[in-house]
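Open the model in your viewer and keep the selection tool at hand. The stops below say what to select and what is there.

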Amino acid sequence: MFFSIIIPLYNRPQEIKELLESLTQQTYTSFEVLVVEDGSKHDAKAIIESFKNQLDIHYFYKENAGQGFARNYGFERSKGDYFIFFDSDCIIPHNYLELLRDHFYQEYLDAYGGPDEAHSSFTAVQKAISYGMTSFLTTGGIRSKQKNAGGKFHPRSFNMGISREVWEKTGGFKLTRMGEDMDLSIRIHQMGFKIGLVPEAKVYHKRRTSFKQFWKQIHSFGRTRVDLFLRYPDTLKAVHLLPVAFTAFLILVFMLNLFSIGLAILGNLLLLAYIMLIFFDSLFKNKSLNVAFLSIIASFIQLTAYGFGFVQDYCKRVILKQDINNQY
């Protein structure tokens with residue numbers, strides 16, 4: 001099996017080098033790499049060319065149109081049997097492709113997704129963000145489960161792959177920015193292709209480097225869920241509303257304390273219990289007091305940013321019927 005690894009890139013030359021270095025260490029070597037520079041002002045051409053002697057690598061530059069269409073651009077120029085796409089802020093374990101090939105020998109999938117973890121080299125903030133996005137104590141934890149509270153498994157584009165047949169029949173990405181992977185996954189399901197989680201095909205995903213960037217990203221995810229609801233109403237599940245409920249609970253507890261209402265004590269105890277659960281769970285997983293404290297912040301951002309984003313666009317687009325497409 002020959003893999004084509006497609007990496008969209010936009011103004012992140014500092015990230016791509018580490019990703020490419022991890023690809024040079026793959027134990028399975030039947031693959032090519034296509035880096036599609038999506039109209040970047042700070043391009044990575046020199047970095048890409050420095051790997052010419054280590055990888056079967058190809059560099060393309062196109063006008064900015066978003067990561068979805070950048071991947072489509074790569075599909076059209078790939079020669080692989082199977083397309084894999086990573087985000088530029090990922091590090092790939094050395095046996096990733098070997099494990100994926102072995103999995104396909106046992107169970108072939110037309111499309112797959114893999115989980116993400118924090119690498120030991122990540123900063124404390126990045127490890128905390130990774131915790132918030134993968135913990136069972138937040139809704140982020142449902143993404144890496146084959147069967148989850150969100151319904152069918154939908155691969156995410158930071159670690160995802162599709163066969164050439166899937167690309168040819170779906171036409172690839174129809175959306176280009178936020179939610180483009182969910183939209184593609186839904187259409188793959190609708191066409192009857194076999195999609196699954198490959199749990200051993202993990203990547204180390206840096207995500208954002210600050211809580212401010214993380215808030216902005218997750219806020220967009222909440223807004224995107226409303227867009228997906230309008231396109232595919234049956235994909236909205238109760239679990240997607242949990243961040244809204246949590247955000248409402250925080251506001252309620254704040255108001256109860258502000259006006260010294262007796263129920264504030266109960267709200268405070270529930271909130272404290274949740275905070276302690278996050279702290280000790282993160283401490284057990286990360287073995288770091290600093291990361292454990294930061295995980296509380298990351299988890300609250302993960303829930304409230306999504307909740308505010310969802311409510312914002314639900315009010316505008318569903319209740320007020322405003323058209324605000326492509327404003328992410």
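Start at Gly192, which comes after helix α7 and has a positive phi, near 85°. The model is a predicted one.

Step back to α7 itself and select residues 180-190. Is this helix mostly covered or mostly open? Mostly covered: 10 of its 11 residues are buried. They are Glu180, Asp181, Met182, Asp183, Leu184, Ser185, Ile186, Arg187, Ile188 and His189.

To see what lies over these buried residues, show the helices α3 (67-76), α6 (164-170) and α8 (211-231), which are among the elements that cover them.

Next, go to the largest nonpolar core, a set of 33 residues. Select Phe3, Leu20, Leu23, Val33, Ile84, Tyr96 and Tyr112, the members that touch the most others in it. At least two residues of this core come from each of β1 (3-9), α1 (13-23), β2 (31-38), β3 (57-62), β4 (82-86) and α4 (96-106).

Stay on Phe3 and display its contacts. Leaving out residues up to four places away in sequence, Phe3 touches Tyr28, Ser30, Phe31, Glu32, Tyr82, Ile84, Leu97, Leu100, Arg101 and Phe104.

Cys90 is buried, at a relative accessible area of 1%, whereas Cys315 is partly exposed, at 31%. How many disulfides does a search of the whole structure find? It finds zero.

Key: Residues numbered from 1 in each chain as written. Predicted model: local features only at pLDDT ≥ 70, side-chain atom pairs only at ≥ 80, totals over all residues. Heavy atoms only, no water. Disulfide = S-S within 2.5 Å. Buried < 20%, exposed > 50% of the residue type's maximum accessible area, 1.4 Å probe, protein only. Helix = DSSP H or I, 4+ residues; strand = E, 2+ residues; numbered from the N terminus. Contact = heavy atoms within 4.5 Å. Core = buried A, V, L, I, M, F, W, Y, C linked by side-chain atoms within 4.5 Å.
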